[in-house]
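Hi everyone, thanks for making time for this.

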Amino acid sequence: MSTSAHLPAEPAASNGTVTERLIEANQRYASKFTDPGMDARPVLQVAVVACMDARLDLHAALGLELGDCHTIRNAGGVVTDDVIRSLTISQRALGTRSVILIHHTGCGLESLTEDFRHEIEDEVGQRPAWAVEAFRDVDQDVRQSMQRVRTSPFLLHTEDVRGFVFDVTTGLLREIDPAV
């Protein structure tokens, strides 16, 4: 069963799509918005790489406020070339020094394999250029992601890289030892 933690308070206008509801919510937000006077440099000089899973409210889970961090999200929270690109810009142009990696329990990537790419190829006639980056062991995948950050030649700051698994049933983070 799937439930939403948040249902829009007001019904959608016009065609009732989710996008229309989100646009309307933005209009309400913008009507009360005041420029916080921040620049793009995160106050805490930290970048958080996490899974895109809708159950992870990163700011709430980490006690973060607007402007505290850069947040980079993708399927699995996997450190891909595009994540390295974002971290490189975050560090070299915008002053971050620390990297926190967050995977989670019950991740959808644990049920996929690289065959997913082949299934897409069979369906659309073209194989995706990207890897699925599926995994069976979330702890090991966090270790692999930490290693990818620590060994990237593009990143200036690789000393403070820590990895965690977020438990979607308790909300707690469990730190992963990179050396195991």
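Let me start with a question for you: does Val-43 count as buried or exposed? Have a look while I mention that this is a predicted model. Okay, here it is: Val-43 counts as exposed, because its relative accessibility is 61%, and the cut-off for that class is over 50%. You'll find Val-43 in the loop between H1 and S1. If you jump from there to Leu-22, you move 21 residues in sequence and 28 Å in space, C-alpha to C-alpha.

Stay in that loop for a moment, please. Gln-45 also sits between helix H1 (18–32) and strand S1 (46–51). Most residues other than glycine have a negative phi. As for accessibility, Gln-45 comes out at 39%, so it counts as partly exposed.

Glu-133 is another one to look at, with a positive phi near 65 degrees in a residue other than glycine. This one is in the loop between H4 and helix H5 (138–150), and it counts as buried because its relative accessibility is 17%. The side chain of Glu-133 meets that of Arg-148 in a salt bridge, at 3.3 Å from N to O. Since Arg-148 belongs to helix H5 and Glu-133 to the loop between H4 and H5, the pair ties together parts that are 15 residues apart in sequence. Arg-148 counts as partly exposed, at 27%.

Another of them joins Asp-53 and Arg-55, with the closest N and O atoms 2.8 Å apart. Here Asp-53 is buried at 17%, while Arg-55 is partly exposed at 45%. Then there is Arg-85 with Asp-82, where the closest N and O atoms are 3.4 Å apart. These two are three residues apart in helix H3 (residues 81–92), which means about one helical turn separates them.

Let's turn to the surface. Glu-114, Asp-115, Glu-119 and Asp-122 gather there in a patch of negative charge. Asp-115 is part of helix H4 (residues 115–124), and at 46% relative accessibility it counts as partly exposed.

Last stop, the hairpin. S4 and S5 form it with six residues between them, and Gly-171 in the turn has a positive phi of about 80 degrees. The strands, residues 161–166 and 173–176, pair in the antiparallel sense over four bridges. Within that pairing, Val-165 stands opposite Arg-174 in S5.

Terms used:
Residues are numbered from 1 along each chain as its sequence is written. This is a predicted model: local features need pLDDT of at least 70, side-chain atom pairs count only at pLDDT 80 or more; totals for chains, interfaces and linings use all residues. Side-chain values use heavy atoms; hydrogens and water are left out. Patches are made of residues with over 30% relative accessible area and no salt bridge: like charges are joined within 9 Å, nonpolar side chains (Val, Leu, Ile, Met, Phe, Trp, Tyr) within 5 Å. Accessible areas come from the Shrake-Rupley method with a 1.4 Å probe; for residues, only the protein chains shown count as cover. A salt bridge is a side-chain nitrogen of Lys or Arg within 4 Å of a carboxyl oxygen of Asp or Glu. Lys and Arg count as positive and Asp and Glu as negative; His and the chain ends are not counted. The place of a charge is taken as NZ of Lys, CZ of Arg, CG of Asp or CD of Glu. Buried means under 20% relative accessible area, exposed over 50%, partly exposed in between (1.4 Å probe, protein chains only). Two strands pair if DSSP finds at least two bridges between them.
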